Amino acid sequence: MKRIAASAAALVLVLLLASPSNGGAAGVRVVKIEDIDFTPKAVTVRKGTTVRWDFLDEGVSHNVISRGSPRFSGSPVKSRGSFRTTFRKPGTYRYVCTLHPGMDGRVVVR
Ligand SMILES: [Cu+2]
């Protein structure tokens with residue numbers, strides 16, 4: 001019986017490791033904020049994907065503010081840490097950092 005339980009646990013582990021973390025049904029896509037820019041400036045994701053912005057511009061504050069339609073709820077002004085939101089509906093979501101003109105990006109949800 002112990003042996004069967006161990007085999008089942010091993011199988012679950014294999015299934016977890018084999019499941020795609022990117023390009024699958026849902027996952028996390030990271031956008032870096034550094035050098036007063038979003039990198040990459042555009043990401044294309046499947047609906048249900050969480051996009052996480054990592055604030056890596058040491059000492060420089062930024063925000064992530066949705067522009068136009070469709071819209072998502074943006075981040076406060078931050079200089080470290082991260083902000084994440086999950087995109088459930090297809091569309092092209094444009095956003096800017098309101099503190100730095102020209103600092104913009106987009107998330108295309110399919
Ligand atoms: Cu900024």
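In strand E8 (104-109), the bridge partner of Thr44 is Val108. Strands here are DSSP runs of at least two residues, numbered from the N terminus. E3 and E8 pair in the parallel sense, over four bridges. Two strands count as paired if DSSP finds at least two bridges between them.

This is a predicted model: local features need pLDDT of at least 70, side-chain atom pairs count only at pLDDT 80 or more, and totals for chains, interfaces and linings use all residues. Residues are numbered from 1 along each chain as its sequence is written, and side-chain values use heavy atoms, with hydrogens and water left out.

## The sheet

The open sheet has four strands in the order E3-E8-E7-E5, with mixed pairing. Strand E3 (42-45) and E5 are its edges, and each pairs on one side only.

## The copper site

Four residues supply the protein donors of the copper ion: His62 (ND1), Cys97 (SG), His100 (ND1) and Met103 (SD). Donors are N, O and S atoms within 2.8 Å of the metal (3.2 Å for Na, K and Ca); water is not among the atoms, so sites may look incomplete. In sequence, the donor residues are spaced H-x34-C-x2-H-x2-M. His62 sits in the loop between strand E4 (49-55) and strand E5 (65-67). His100 sits in the loop between strand E7 (91-96) and strand E8 (104-109). The pair is 38 residues apart and links distant parts of the chain.

Are these two histidines buried or exposed? His62 is buried, at 0% relative accessible area. His100 also counts as buried, at 18%. Buried means under 20% relative accessible area, exposed over 50%, and partly exposed in between (1.4 Å probe, protein chains only).
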